[in-house]
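Reader: Hi! Could you walk me through this model?
Author: Happy to, here it is.

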Amino acid sequence: MLNSWNKLFAVALISLAPLANADELVTPIMQQGSSNASMETPRTGLTMSAVEKRYGSPSHVKGPVGDPPITVWEYGNYSVYFEGDRVIHTVLKPVKP
């Protein structure tokens, strides 16, 4: 059961609700890699050495960071995420329409 302070707080919150105002955040519409959707990318489970042998050296490497260690290899149209030395995700970069 609510005590008098909780009731007072609830009434105050409800009475202030009409005064609440928020800014609108407009985000540009993009299609994630739609023009690259048919592109061959590294698959889950590949090792770092297999990815480098097949797709070449990345343009940029981030990490490893955290436990388990996560490393990101950047390529032109996609990023490859590794846990340890195995691919866990490949993410196509967004393409502006």
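Author: Helices (H or I, at least four residues) and strands (E, at least two) are DSSP runs, numbered from the N terminus. By that count, the chain has two helices and six strands. The model is predicted, so local features need pLDDT of at least 70 and side-chain atom pairs count only at pLDDT 80 or more, while totals for chains, interfaces and linings use all residues. Residues are numbered from 1 along each chain as its sequence is written, and side-chain values use heavy atoms, with hydrogens and water left out.

Reader: Thanks! What pattern does the chain follow along the sequence?
Author: Reading along the sequence gives α-β-α-β-β-β-β-β.

Reader: And what percentage of the residues is buried?
Author: Of the 97 residues in the chain, 21% are buried. Buried means under 20% relative accessible area, exposed over 50%, and partly exposed in between (1.4 Å probe, protein chains only).

Reader: Which residues form the largest nonpolar core?
Author: There are ten: Met-48, Val-51, Tyr-55, Trp-73, Tyr-75, Tyr-78, Val-80, Phe-82, Val-87 and Leu-92. At least two residues of this core come from each of α2 (48–55), β4 (78–83) and β5 (86–92). A nonpolar core here is a set of buried Ala, Val, Leu, Ile, Met, Phe, Trp, Tyr and Cys residues joined through side-chain atoms within 4.5 Å. In soluble globular proteins, nonpolar side chains tend to be buried together.

Reader: Let's pick one of them. What does Tyr-55 touch?
Author: Not counting residues up to four places away in sequence, Tyr-55 touches Glu-40, Thr-41, Pro-42, Tyr-75 and Tyr-78. Contact means heavy atoms within 4.5 Å.

Reader: Switching topic: is Thr-71 buried or exposed?
Author: Thr-71 counts as buried because its relative accessibility is 5%. Its place is in strand β3 (residues 70–74). Beyond four places in sequence, its contacts include Met-48, Val-80 and Phe-82.

Reader: How many residues apart in sequence are Thr-71 and Asp-85?
Author: They are 14 residues apart in sequence, and 8.3 Å apart in space, C-alpha to C-alpha.

Reader: Nice. Where does Ser-79 lie?
Author: Ser-79 lies in strand β4. With 7% relative accessibility, Ser-79 counts as buried.

Reader: Which side chain does Ser-79 join through a polar contact?
Author: That is Glu-74, at 2.7 Å. A polar contact is a pair of N or O atoms within 3.5 Å; within protein, one must be able to donate a hydrogen and the other to accept it, and residues adjacent in sequence count only if both atoms are side-chain atoms.
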